[in-house]
Amino acid sequence: MPTLSNCYTMQDASLHSTKDDCWIVVDGKVYDVTQYLDDHPGGDDVILGATGKDATDEFEDAGHSKSARELMEQYCIGELDTSSPISTKKHFSENFMQLTKQYWAVPVAVVGISIVVGFLYLRRK
């Protein structure tokens with residue numbers, strides 16, 4: 001079992017979010033699961049979707065077995081550094097802004113299309 005003398009921030013973990021370099025955070029521990037992605041029964045996209053954030057809830061919701069939890073320990077590379085709430089808040093606010101930009105595009109497009117269609121309909125009469 002690895003020594004847990006290494007501490008990482010959520011920002012550190014979020015930098016490792018590709019199929020060739022993948023870290024996840026579960027229960028305050030950081031795991032390098034790059035070598036496990038192809039073997040994960042749920043597929044690599046499930047794990048890749050959990051990078052860059054605390055994936056504890058997703059992990060628990062999936063109902064992992066005792067053997068899965070034991071297997072996970074071999075991928076543990078350190079602990080999550082929780083002494084820096086500022087970086088966690090910054091990461092949260094960056095993600096929130098990114099989501100806000102993403103989800104505002106759809107309603108704005110719908111309103112724009114509605115205005116154009118309404119204008120064309122009224123013009124036709």
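Visitor: How many aromatic pairs does the structure hold?
Guide: This predicted model holds two aromatic pairs.

Visitor: Why is the pair of Tyr-8 and Trp-23 called edge-to-face?
Guide: Look at the planes. They stand at 70°. Planes over 60 degrees apart count as edge-to-face, so this pair is edge-to-face. The ring centres are 4.9 Å apart, and the limit for a pair is 6.5 Å.

Visitor: Which parts of the chain does this pair link?
Guide: Tyr-8 sits in strand E1 and Trp-23 in strand E3, 15 residues apart.

Visitor: What makes Tyr-8 count as buried?
Guide: Its relative accessibility is 17%. Buried means under 20%, so Tyr-8 qualifies. Trp-23, at 10%, is buried too.

Visitor: Why is the pair of Tyr-36 and Tyr-75 called tilted?
Guide: Their planes stand at 45°. Stacked needs under 30 degrees, and edge-to-face needs over 60.

Visitor: What is the order of the strands in the open sheet?
Guide: The order is E1-E5-E4-E3-E2, with mixed pairing.

Visitor: What makes E1 and E2 edge strands?
Guide: Each pairs on one side only.

Visitor: In which sense do E3 and E4 pair?
Guide: They pair in the antiparallel sense, over four bridges. Val-26 stands opposite Lys-29 in E4.

Note on methods:
Residues numbered from 1 in each chain as written. Predicted model: local features only at pLDDT ≥ 70, side-chain atom pairs only at ≥ 80, totals over all residues. Heavy atoms only, no water. Pairing = 2+ DSSP bridges. Helix = DSSP H or I, 4+ residues; strand = E, 2+ residues; numbered from the N terminus. Phe/Tyr/Trp six-rings, centres within 6.5 Å; stacked < 30°, edge-to-face > 60°. Buried < 20%, exposed > 50% of the residue type's maximum accessible area, 1.4 Å probe, protein only.
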